[in-house]
Amino acid sequence: MKELEDRIRRDGVVKSSQVLKVDSFINHQMDVELFRDMAKVWHKDFADAPINKVLTIEASGIGIAAVVATEFGVPAVFAKKSQSINLDGDVYCTKIKSFTHGRVYDVIVSKKFLGPNDHVLIVDDFLANGCAMDGLLDICRVAGATVEGIGIAVEKGFQPGGKHLRDEGYIVDSLAIVDSMDPQTNEIEFRHQ
Ligand code: 5GP
(Lines give C-alpha, C1' and ligand atoms only; values in the text may rest on other atoms or scores of the structure.)
Protein backbone atom coordinates (compact mmCIF):
# COMPACT_ATOMS: atom_id res chain seq x y z
CA MET A 1 0.00 0.00 0.00
CA LYS A 2 1.86 3.03 -1.29
CA GLU A 3 0.24 5.52 1.10
CA LEU A 4 1.42 3.51 4.11
CA GLU A 5 4.91 2.94 2.70
CA ASP A 6 5.31 6.66 1.95
CA ARG A 7 4.16 7.53 5.46
CA ILE A 8 6.57 5.06 7.05
CA ARG A 9 9.43 6.52 4.97
CA ARG A 10 8.43 10.04 5.98
CA ASP A 11 7.53 9.64 9.65
CA GLY A 12 8.83 6.22 10.74
CA VAL A 13 11.95 6.11 12.91
CA VAL A 14 14.31 3.13 12.69
CA LYS A 15 15.25 2.69 16.35
CA SER A 16 17.51 -0.31 15.71
CA SER A 17 17.94 -2.93 13.02
CA GLN A 18 14.98 -4.75 14.63
CA VAL A 19 12.58 -2.03 15.80
CA LEU A 20 10.67 0.54 13.79
CA LYS A 21 8.81 3.33 15.60
CA VAL A 22 5.61 4.64 14.08
CA ASP A 23 4.39 6.53 17.13
CA SER A 24 3.34 9.65 15.27
CA PHE A 25 0.70 7.92 13.11
CA ILE A 26 -0.04 4.39 14.40
CA ASN A 27 1.17 3.51 17.89
CA HIS A 28 0.58 6.63 19.97
CA GLN A 29 -0.94 9.40 17.89
CA MET A 30 -3.24 7.64 15.42
CA ASP A 31 -3.93 8.84 11.88
CA VAL A 32 -7.46 7.54 11.71
CA GLU A 33 -7.85 8.57 8.07
CA LEU A 34 -4.89 6.36 7.24
CA PHE A 35 -6.52 3.54 9.25
CA ARG A 36 -9.65 4.09 7.16
CA ASP A 37 -7.66 3.70 3.93
CA MET A 38 -5.99 0.55 5.30
CA ALA A 39 -9.39 -0.84 6.27
CA LYS A 40 -10.67 -0.23 2.74
CA VAL A 41 -7.84 -2.28 1.27
CA TRP A 42 -8.56 -5.22 3.58
CA HIS A 43 -12.28 -4.89 2.94
CA LYS A 44 -11.63 -5.20 -0.80
CA ASP A 45 -9.08 -8.01 -0.42
CA PHE A 46 -11.40 -10.04 1.84
CA ALA A 47 -14.62 -9.18 0.00
CA ASP A 48 -15.43 -12.85 -0.63
CA ALA A 49 -14.87 -13.97 2.96
CA PRO A 50 -17.87 -14.19 5.31
CA ILE A 51 -16.16 -12.13 8.03
CA ASN A 52 -18.38 -11.41 11.02
CA LYS A 53 -15.74 -10.41 13.58
CA VAL A 54 -12.45 -8.56 13.77
CA LEU A 55 -9.98 -9.77 16.40
CA THR A 56 -6.85 -8.06 17.68
CA ILE A 57 -4.72 -7.77 20.81
CA GLU A 58 -4.37 -4.81 23.12
CA ALA A 59 -3.11 -2.23 23.06
CA SER A 60 -1.81 -1.10 19.71
CA GLY A 61 -4.10 -3.24 17.54
CA ILE A 62 -7.28 -1.74 19.00
CA GLY A 63 -7.41 1.52 17.04
CA ILE A 64 -6.84 -0.24 13.73
CA ALA A 65 -9.32 -3.01 14.56
CA ALA A 66 -12.02 -0.50 15.49
CA VAL A 67 -11.79 1.24 12.13
CA VAL A 68 -11.59 -2.06 10.24
CA ALA A 69 -14.69 -3.28 12.07
CA THR A 70 -16.70 -0.25 10.98
CA GLU A 71 -15.63 -0.86 7.38
CA PHE A 72 -16.88 -4.46 7.56
CA GLY A 73 -19.91 -3.55 9.71
CA VAL A 74 -19.02 -6.14 12.36
CA PRO A 75 -17.85 -6.05 16.00
CA ALA A 76 -14.21 -5.78 17.01
CA VAL A 77 -12.91 -7.92 19.87
CA PHE A 78 -9.53 -7.43 21.48
CA ALA A 79 -7.62 -10.03 23.45
CA LYS A 80 -6.75 -8.66 26.88
CA LYS A 81 -3.46 -8.98 28.67
CA SER A 82 -4.48 -10.35 32.03
CA GLN A 83 -2.72 -10.35 35.41
CA SER A 84 -5.21 -12.51 37.26
CA ILE A 85 -6.33 -15.62 35.49
CA ASN A 86 -10.05 -16.10 35.68
CA LEU A 87 -10.62 -19.64 36.87
CA ASP A 88 -14.32 -19.79 36.07
CA GLY A 89 -13.61 -21.28 32.66
CA ASP A 90 -15.48 -18.50 30.91
CA VAL A 91 -12.44 -17.25 29.03
CA TYR A 92 -10.05 -18.62 26.43
CA CYS A 93 -6.49 -18.12 27.62
CA THR A 94 -3.11 -18.31 25.94
CA LYS A 95 0.42 -17.11 26.59
CA ILE A 96 2.13 -14.57 24.34
CA LYS A 97 5.74 -13.41 24.45
CA SER A 98 5.90 -9.68 23.89
CA PHE A 99 8.28 -8.59 21.12
CA THR A 100 8.81 -5.15 22.61
CA HIS A 101 9.15 -6.08 26.29
CA GLY A 102 10.35 -9.69 26.11
CA ARG A 103 7.86 -10.67 28.83
CA VAL A 104 5.32 -13.49 28.61
CA TYR A 105 1.71 -12.39 29.10
CA ASP A 106 -1.43 -14.35 29.77
CA VAL A 107 -3.95 -13.19 27.20
CA ILE A 108 -7.68 -13.80 27.43
CA VAL A 109 -10.84 -13.53 25.34
CA SER A 110 -14.26 -14.08 26.89
CA LYS A 111 -16.11 -17.13 25.56
CA LYS A 112 -19.10 -14.82 25.14
CA PHE A 113 -17.38 -13.00 22.29
CA LEU A 114 -15.80 -15.77 20.19
CA GLY A 115 -17.16 -19.14 19.16
CA PRO A 116 -17.69 -21.71 16.40
CA ASN A 117 -20.02 -19.43 14.40
CA ASP A 118 -17.38 -16.77 14.01
CA HIS A 119 -15.45 -16.04 10.81
CA VAL A 120 -12.59 -13.90 11.93
CA LEU A 121 -10.26 -11.36 10.38
CA ILE A 122 -7.31 -10.93 12.73
CA VAL A 123 -5.54 -7.57 12.50
CA ASP A 124 -2.48 -6.09 14.16
CA ASP A 125 -0.10 -3.20 13.75
CA PHE A 126 3.12 -5.23 13.38
CA LEU A 127 4.12 -8.77 12.50
CA ALA A 128 7.61 -9.67 13.67
CA ASN A 129 8.30 -13.16 15.04
CA GLY A 130 4.62 -14.05 15.00
CA CYS A 131 4.19 -14.67 18.75
CA ALA A 132 1.18 -12.37 19.10
CA MET A 133 -0.44 -13.94 16.02
CA ASP A 134 0.27 -17.49 17.21
CA GLY A 135 -1.52 -16.64 20.46
CA LEU A 136 -4.55 -15.19 18.67
CA LEU A 137 -4.69 -18.18 16.32
CA ASP A 138 -4.52 -20.51 19.31
CA ILE A 139 -7.51 -18.72 20.88
CA CYS A 140 -9.47 -19.00 17.60
CA ARG A 141 -8.62 -22.72 17.34
CA VAL A 142 -9.82 -23.46 20.87
CA ALA A 143 -12.95 -21.35 20.27
CA GLY A 144 -13.70 -23.28 17.08
CA ALA A 145 -13.76 -20.01 15.11
CA THR A 146 -12.71 -19.90 11.45
CA VAL A 147 -9.79 -17.63 10.63
CA GLU A 148 -10.54 -16.08 7.25
CA GLY A 149 -7.33 -14.11 7.12
CA ILE A 150 -4.76 -11.94 8.83
CA GLY A 151 -4.38 -8.22 8.13
CA ILE A 152 -1.10 -6.62 9.18
CA ALA A 153 -0.16 -2.97 8.82
CA VAL A 154 3.63 -3.42 8.93
CA GLU A 155 5.29 -6.79 8.49
CA LYS A 156 9.02 -6.95 9.08
CA GLY A 157 9.87 -9.45 6.39
CA PHE A 158 13.34 -10.15 7.76
CA GLN A 159 11.76 -11.65 10.89
CA PRO A 160 10.15 -15.09 10.60
CA GLY A 161 6.48 -14.56 11.52
CA GLY A 162 5.08 -13.89 8.03
CA LYS A 163 6.80 -16.80 6.33
CA HIS A 164 5.83 -19.17 9.10
CA LEU A 165 2.14 -18.17 8.93
CA ARG A 166 1.99 -18.36 5.11
CA ASP A 167 3.68 -21.77 5.22
CA GLU A 168 0.90 -22.87 7.55
CA GLY A 169 -1.62 -21.81 4.90
CA TYR A 170 -2.93 -18.56 6.38
CA ILE A 171 -3.71 -15.62 4.12
CA VAL A 172 -1.48 -12.85 5.46
CA ASP A 173 -2.35 -9.50 3.91
CA SER A 174 0.44 -7.13 4.98
CA LEU A 175 0.04 -3.60 3.68
CA ALA A 176 3.75 -2.83 3.94
CA ILE A 177 6.54 -5.37 4.18
CA VAL A 178 9.88 -4.02 5.37
CA ASP A 179 12.73 -6.09 3.95
CA SER A 180 15.49 -4.12 5.58
CA MET A 181 15.99 -0.95 7.58
CA ASP A 182 19.06 0.94 8.64
CA PRO A 183 19.17 2.77 11.99
CA GLN A 184 22.16 4.84 10.82
CA THR A 185 20.53 6.32 7.73
CA ASN A 186 16.84 5.66 8.57
CA GLU A 187 16.61 4.06 5.11
CA ILE A 188 13.81 1.53 4.76
CA GLU A 189 13.41 -0.97 1.94
CA PHE A 190 10.00 -2.38 1.15
CA ARG A 191 9.20 -5.63 -0.61
CA HIS A 192 7.53 -5.21 -4.00
CA GLN A 193 4.09 -6.82 -3.83
P1 5GP B 1 5.52 -10.58 17.19
O2 5GP B 1 4.62 -11.16 18.23
O3 5GP B 1 5.09 -10.86 15.78
O4 5GP B 1 6.97 -10.94 17.42
O5 5GP B 1 5.47 -9.00 17.39
C6 5GP B 1 4.27 -8.32 17.11
C7 5GP B 1 3.89 -7.39 18.21
O8 5GP B 1 5.02 -6.72 18.75
C9 5GP B 1 2.96 -6.33 17.67
O10 5GP B 1 1.72 -6.45 18.34
C11 5GP B 1 3.63 -5.00 17.98
O12 5GP B 1 2.89 -4.30 18.93
C13 5GP B 1 5.00 -5.33 18.54
N14 5GP B 1 6.08 -5.03 17.57
C15 5GP B 1 6.86 -5.93 16.91
N16 5GP B 1 7.80 -5.32 16.18
C17 5GP B 1 7.62 -4.00 16.37
C18 5GP B 1 8.32 -2.83 15.87
O19 5GP B 1 9.29 -2.88 15.10
N20 5GP B 1 7.83 -1.62 16.27
C21 5GP B 1 6.76 -1.50 17.10
N22 5GP B 1 6.36 -0.28 17.41
N23 5GP B 1 6.09 -2.59 17.60
C24 5GP B 1 6.52 -3.82 17.25
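**View A. The largest pocket of the predicted model has a volume of about 670 Å³.** A pocket is an open set of points on a 1 Å grid over the protein atoms alone, with protein on both sides within 12 Å along at least five of seven lines, and its lining residues have an atom within 4 Å of a point; grid points are joined across faces, edges and corners, and the volume is the space filled by probe spheres set on the points. Of the 30 residues that line the largest pocket, S60, F99, T100, D125 and F126 are the closest to its centre. Two or more lining residues come from each of β2 (20–21), α2 (23–27), β5 (91–97), β7 and α5 (131–143), where helices (H or I, at least four residues) and strands (E, at least two) are DSSP runs numbered from the N terminus. Strand β7 provides the largest share of this lining, with four residues. By residue class, the lining of the largest pocket divides into 14 nonpolar, eight polar and eight charged residues, with Ala, Val, Leu, Ile, Met, Phe, Trp, Tyr, Cys and Pro counted as nonpolar, Asp, Glu, Lys and Arg as charged, and the others, Gly among them, as polar.

This is a predicted model, in which local features need pLDDT of at least 70 and side-chain atom pairs count only at pLDDT 80 or more, whereas totals for chains, interfaces and linings use all residues. Residues are numbered from 1 along each chain as its sequence is written, and side-chain values use heavy atoms, with hydrogens and water left out.

**View B. The second largest pocket has a volume of about 170 Å³.** Its lining is made up of M1, E5, R9, D173, S174, L175, F190, R191, H192 and Q193. Both α1 and β9 supply at least two residues of this lining, and β9 gives the most, with three residues. The lining of the second largest pocket divides into three nonpolar, three polar and four charged residues.

**View C. D124, in strand β7 (residues 119–127), is buried yet has no salt bridge.** Buried means under 20% relative accessible area, exposed over 50%, and partly exposed in between (1.4 Å probe, protein chains only), while a salt bridge is a side-chain nitrogen of Lys or Arg within 4 Å of a carboxyl oxygen of Asp or Glu. The nearest side chain of opposite charge to D124 is that of K81, 8.3 Å away, where Lys and Arg count as positive and Asp and Glu as negative, and His and the chain ends are not counted. Leaving out residues up to four places away in sequence, D124 touches T56, I57, G61, A132, M133, G151, I152 and A153, contact meaning heavy atoms within 4.5 Å.

**View D. K2 and D6 form a salt bridge, with their closest N and O atoms 2.6 Å apart.** The two residues are four residues apart in helix α1 (residues 2–11), and so are separated by about one helical turn. K2 is exposed, with a relative accessible area of 60%, whereas D6 counts as partly exposed at 36%. E3 also lies in helix α1 and is partly exposed, with a relative accessible area of 38%. Beyond its neighbours within four places in sequence, E3 is in contact with L34 and D37, and the C-alpha atoms of E3 and L34, 31 residues apart along the chain, are separated by 8.0 Å.

**View E. R36 and E71 form a salt bridge, with their closest N and O atoms 3.0 Å apart.** R36 lies in helix α3 (residues 32–45) and E71 in helix α4, so the pair ties together parts that are 35 residues apart in sequence. R36 is partly exposed, with a relative accessible area of 27%.

**View F. A salt bridge joins the side chains of K163 and D167, at 2.6 Å from N to O.** Both residues lie in helix α6 (residues 161–167), four residues apart, or about one turn of the helix, and both K163 and D167 are exposed. Elsewhere, salt bridges that share partners join R7, R10, D11 and D31 into one network, and the structure holds 12 salt bridges.

**View G. Two backbone features are found at A59 and N186.** The peptide bond from E58 to A59 is cis, with omega near 0°, and A59 lies in the loop between β3 (53–57) and α4 (61–72). N186 has a positive phi of about 65° although it is not a glycine. Most residues other than glycine have a negative phi, and most peptide bonds are trans. N186 lies in the loop between β9 (172–181) and β10 (188–190) and is partly exposed, with a relative accessible area of 28%.

How values were computed:
1 Å grid on protein atoms, 1.4 Å probe; cavity = no way out; pocket = protein on both sides within 12 Å on 5 of 7 lines; lining within 4 Å.
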